[in-house]
Amino acid sequence: MKQKALSSNYDYFLKTDTSKYKGEWIAIGKNKIIAHGKDAQKVYQIAKKKVPKTNISLAKAPDEQMLILTG
């Protein structure tokens, strides 16, 4: 179950426009952004407090929009 949740979070990150979070850390859980900010540890702690029983993925939003090619 945990692996599926992490994969789901990753898929959400790849498909989501993160341009308003440029250069910030974002915490993702249950296919939504739960918290964001400049300090990864604080972002994670805030997310765990908001949704304590959810698998949280932490990612850094790129400074520029990513180009993802699939085959």
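Biologist: Buried means under 20% relative accessible area, exposed means over 50%, and partly exposed lies in between. What does Tyr12 count as?

Modeller: Tyr12 counts as partly exposed, because its relative accessibility is 22%, and buried would need a value under 20%. Keep in mind that this is a predicted model.

Biologist: Where is the place of Tyr12?

Modeller: Tyr12 sits in helix α1.

Biologist: What is Tyr12 in contact with, leaving aside neighbours within four places in sequence?

Modeller: With those neighbours set aside, Tyr12 contacts Ile28, Asn31, Lys32 and Ile33. There is also a distance to Gly29: the two C-alpha atoms are 9.1 Å apart in space, and the residues are 17 apart in sequence.

Biologist: What lies 2.6 Å from the backbone oxygen of Tyr12?

Modeller: A polar atom of the Thr16 side chain lies at that distance from the Tyr12 backbone oxygen.

Biologist: And Thr16, buried or exposed?

Modeller: Thr16 counts as buried, because its relative accessibility is 19% and the cut-off for buried is under 20%. Thr16 belongs to the loop between α1, residues 2-15, and β1, residues 25-29.

Biologist: What about Thr18, where is its place?

Modeller: Thr18 is in the loop between α1 and β1. Thr18 has 3% relative accessibility, so it counts as buried.

Biologist: What does Thr18 touch, not counting residues up to four places away in sequence?

Modeller: Thr18 touches Phe13, Ile26, Ala61 and Pro62.

Biologist: Change of topic. How many helices and strands does the protein have?

Modeller: There are two helices and three strands. Starting at the N terminus, the elements come in the order α-β-β-α-β.

Biologist: In what order do the strands form the sheet?

Modeller: The three strands make an open sheet, ordered β2-β1-β3, with antiparallel pairing. β2 and β3 are at the edges with a single partner strand each, so one side of each has no neighbour in the sheet. From one strand to the next, the twist averages 30 degrees.

Biologist: What do the strands of a sheet pair through?

Modeller: In general, strands pair through backbone hydrogen bonds, and the pairing can be parallel or antiparallel.

Biologist: How many bridges join β1 to β2?

Modeller: Five bridges join β1 to β2, residues 32-37, and the two strands run antiparallel. In that pairing, Trp25 stands opposite Gly37 of β2.

Biologist: Which residue takes a positive phi in the hairpin of β1 and β2?

Modeller: Lys30 does, with a phi near 50 degrees. That hairpin has two residues between its strands.

Biologist: And how many bridges join β1 to β3?

Modeller: Four bridges join β1 to β3, residues 57-60, again with the strands antiparallel. On the β3 side, Trp25 stands opposite Lys60. Ile28 has Ser57 as its bridge partner in β3. Ala27 stands opposite Leu58 in β3.

Biologist: What packs on the sheet?

Modeller: Helix α2 packs on the sheet and touches β1, β2 and β3. The direction of α2 makes about 140 degrees with that of β2.

Biologist: Which residues are on the covered face of β3?

Modeller: Ser57 and Ala59 are on the covered face, while Leu58 and Lys60 are on the uncovered one. As for β1, four of its five residues are buried, which leaves that strand mostly covered.

Biologist: How much of the protein do buried residues make up?

Modeller: Of the 71 residues in the protein, 31% are buried. The accessible surface comes to about 5,300 Å², with 53% of that belonging to carbon and sulfur atoms.

Biologist: Back to the prediction. What pLDDT does the protein average?

Modeller: The average pLDDT is 86, and 82% of the residues score at least 70.

Conventions. Residues numbered from 1 in each chain as written. Predicted model: local features only at pLDDT ≥ 70, side-chain atom pairs only at ≥ 80, totals over all residues. Heavy atoms only, no water. Buried < 20%, exposed > 50% of the residue type's maximum accessible area, 1.4 Å probe, protein only. Polar contact = N/O pair within 3.5 Å; in protein donor to acceptor, adjacent residues only side chain to side chain. Pairing = 2+ DSSP bridges. pLDDT = per-residue confidence, 0-100. Contact = heavy atoms within 4.5 Å. Areas by Shrake-Rupley, 256 points an atom, 1.4 Å probe, with all protein chains shown as cover. Axes fitted to C-alpha atoms, helices over the stretch in contact; angles between N-to-C directions.
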